[in-house]
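Subject: Handing over the structure, with notes

Dear colleague,

I am passing on the structure to you below, followed by some notes on what was found in it. Please read them with the structure open beside you.

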Amino acid sequence: MKPEKILYGGDYNPEQWLDEPDILEQDIQMMKEAHINTVTLGVFSWAVLEPEEGKYDFEWLDGIVDRLIKEGFSIILATPSGARPKWMADKYPEVLRVDANRQRALYGYRHNHCYTSPVYRQKVREINMRLAERYGSREGVILWHISNEYGGECHCPLCQEAFRTWLKEKYQDIHTLNKAWSTTFWSHTYQSFDQIESPSPRGETFLHALNLDWKRFVTDQTADFIREEIQAVRDGGSTLPTTINMMYDYEGLDYHKLADLVDVISWDTYPAWHKEPETETAMDNGMQHDFMRSLKHQPYLMMESCPSATNWQSVSKLKKPGLLSAQSMQAIAHGSDSVLYFQIRQSRGASEKFHGAVIDHYGGTDTRVFREVSHIGVDLEKICELKGAVTNAEVAVIYDIENRWAIEDAQGPRNKGMYYKQAVEKSYYAFRKLGLNVDVISMDQEFGSYKILAAPMAYMFRAGFAERVRDFVAKGGIFITTYWSGVVDENDRCYLGATPAGLTDVLGLRATEIDGLYDHETNQLVPEDRSIFATKISYECRHLCQLIDVSTARILMTYGTDFYQSQPAVTFQPYGMGYGYYIGADVEQSCYDDLYRRIVELSRVHVPVEQVPEGVEVTTREKDGDVYIIAQNFTPNDLFIDLGEGELLLGNSSGKISTYETIIMRRRKQ
Ligand code: GLA
Ligand code: ZN
């Protein structure tokens, strides 16, 4: 069943209230009042569903599911593997995780099971199948929420064995592994696969290729676990779509490898608003939305967000009036088909008792948060036709997890911060300030159809990447890369010869030395061509300055000081039917803004809104020949924006857009 509504609601934990039956009825009334239409059930219900091994109790859940469906709510049903019952850990200690120091955890917390343990997999299979048999074909149950926020790693003997098997499959013989891992360094050569241990602070952490393969294994093992969870649901007879809820900028897993396992991408977002200028937080959150959407290039779900203050950030900041609406609409703007909260009702005890919720301990509808939640519910009904609308982007930025693992692991030009994410953000922000939709993709994703591709700090060029970029540029694509790119292969082994490996002719240069700057140091980039860089005489750069030997590239900027003063820093050149740009230093945002504005002007990229005021986010979604233009103001000031002709779905038509306001306009696509 595919409801024609934007999903609105969130995590609901009625198992915490079984001894107070009135609560469910109150909640149902209040949810209806707030225009909530969806709840996520069962995320942490295992101990209530299977209070003793093999003894199941579904009756309480039957009652709740029946009631909710009768009242017209959609249900997202979770498998409970995110936290397990105590009896299980006591009887089968192998389900508990072992840390990198080889110490097994005691029972407690959550999200901390061994992904390899056959016992755990079997127990999960049994409960998942039963849930699927019972609820997996119910009208009103719309989606499987598989486990919760997969993450972390286990170093138990079972996982070690699985890792060795994984390595054997990958390398076949130990000599190939030794070569790939550069083990002759410090005499770390292995004689057989049986000797290999996962990285440990008590053992090996300096073989970067081992660290990389371990992280890849952790993703693959998690993927295997997810696959089994989903298979159990299928074997229980349910054909409903599945999702896993992913996390903000999570670096423990390669989400690209998990995306194909599920039908729908979803993620949990908890931005720390009111900490820095809201526009920065909005950009950062927007980039994560775009990363999630780009995993499948489809509408996705915002599975969790906080209606009030969280209780786990260093300071639990209230959302100022209007901000919750802006945060919720931002999800829709970037391609989400839902606004879901953690949580509907605040728990009474334990670690999340002060975490924000739609219904707090007071329990009434006359609260500021409840009123705002209700208001958003009404707005989402007004704009429900956006459900299923797709996001088309002509520009993309590469943000690659393996590249990140490798950059952060390597002892190199700056061990106190390479600022990879910030480098990606600078490219992303520069595009977004022009109101362009931006896809945020991995190095392995398809990029042939974009008009502009930015690959900041693409340190690791995995096999085939350089060739694909060459082809892209030859056919007319604009490729932008930066310092510290094309340095190593997928095993973190340095390329021999000129770098960026395989692209020196596309860029018309060769990177030579790279200077790490102390925190207090700066240099400048000085434009050669003032017509492009109109806003400043020079731009400040920090952290890293790449020195380059230019062969055929045209020089756009040079360094302002130090022994490399006047040497080239930013270049471009035509190649085939396209262009290759190179940015040599970690330069300030305004330089990216100026350069990218110019590149976009010269390209065939369509800009949806001519003048985007600073701090206003513009995005578009498309459906059935209509384009929805969405503008959001994250600044403290009233601003003006001309969105052109169209039918207004949300906001006002005066051209004024006030703080936290969202305007949504529909018009026919030309
Ligand atoms: C995560 C979890 C939820 C809850 C929230 C609190 O996203 O998935 O169960 O703990 O954090 O913010
Ligand atoms: Zn394990």
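Is G152 buried, partly exposed or exposed? With a relative accessible area of 25%, G152 is partly exposed, where buried means under 20% relative accessible area, exposed means over 50%, and partly exposed lies in between (1.4 Å probe, protein chains only).

Before going further, please note that this is a predicted model, in which local features need pLDDT of at least 70 and side-chain atom pairs count only at pLDDT 80 or more, while totals for chains, interfaces and linings use all residues. Residues are numbered from 1 along each chain as its sequence is written, chains are lettered from A and ligands numbered from 1 in the order in which they are written, and side-chain values use heavy atoms, with hydrogens and water left out.

G152 is placed in the loop between β4 (141–145) and α6 (157–171); helices (H or I, at least four residues) and strands (E, at least two) are DSSP runs, numbered from the N terminus. Leaving aside residues up to four places away in sequence, G152 touches R97, Y115, V218 and Y250, where contact means heavy atoms within 4.5 Å. Its C-alpha atom is separated by 18 Å from that of A406, which is 254 residues away along the chain.

At the start of α13, a side-chain oxygen of D400 comes to within 3.2 Å of the backbone nitrogen of E402. R404 is also among the residues touched by D249, which lies in the loop between β5 (242–247) and α9 and is itself buried, with a relative accessible area of 15%.

Turning to the ligand, the residues around ligand 1 (those with a heavy atom within 4 Å of it) include E304, F342, E352 and H355. A polar side-chain atom of E304 lies 2.4 Å from an oxygen atom of ligand 1, the corresponding distance for E352 is 2.3 Å, and for H355 it is 2.7 Å. The protein covers 96% of the 300 Å² of accessible area that ligand 1 has on its own, with accessible areas taken from the Shrake-Rupley method with a 1.4 Å probe.

Y109 counts as exposed, at 84% relative accessibility, whereas M457 counts as buried, at 0%.

Lastly, T662 lies in strand β25 (residues 662–668) and, at 6% relative accessibility, counts as buried. Its side chain is joined to that of Q632 by a polar contact of 2.9 Å, a polar contact being a pair of N or O atoms within 3.5 Å, of which, within protein, one must be able to donate a hydrogen and the other to accept it, with residues adjacent in sequence counting only if both atoms are side-chain atoms.
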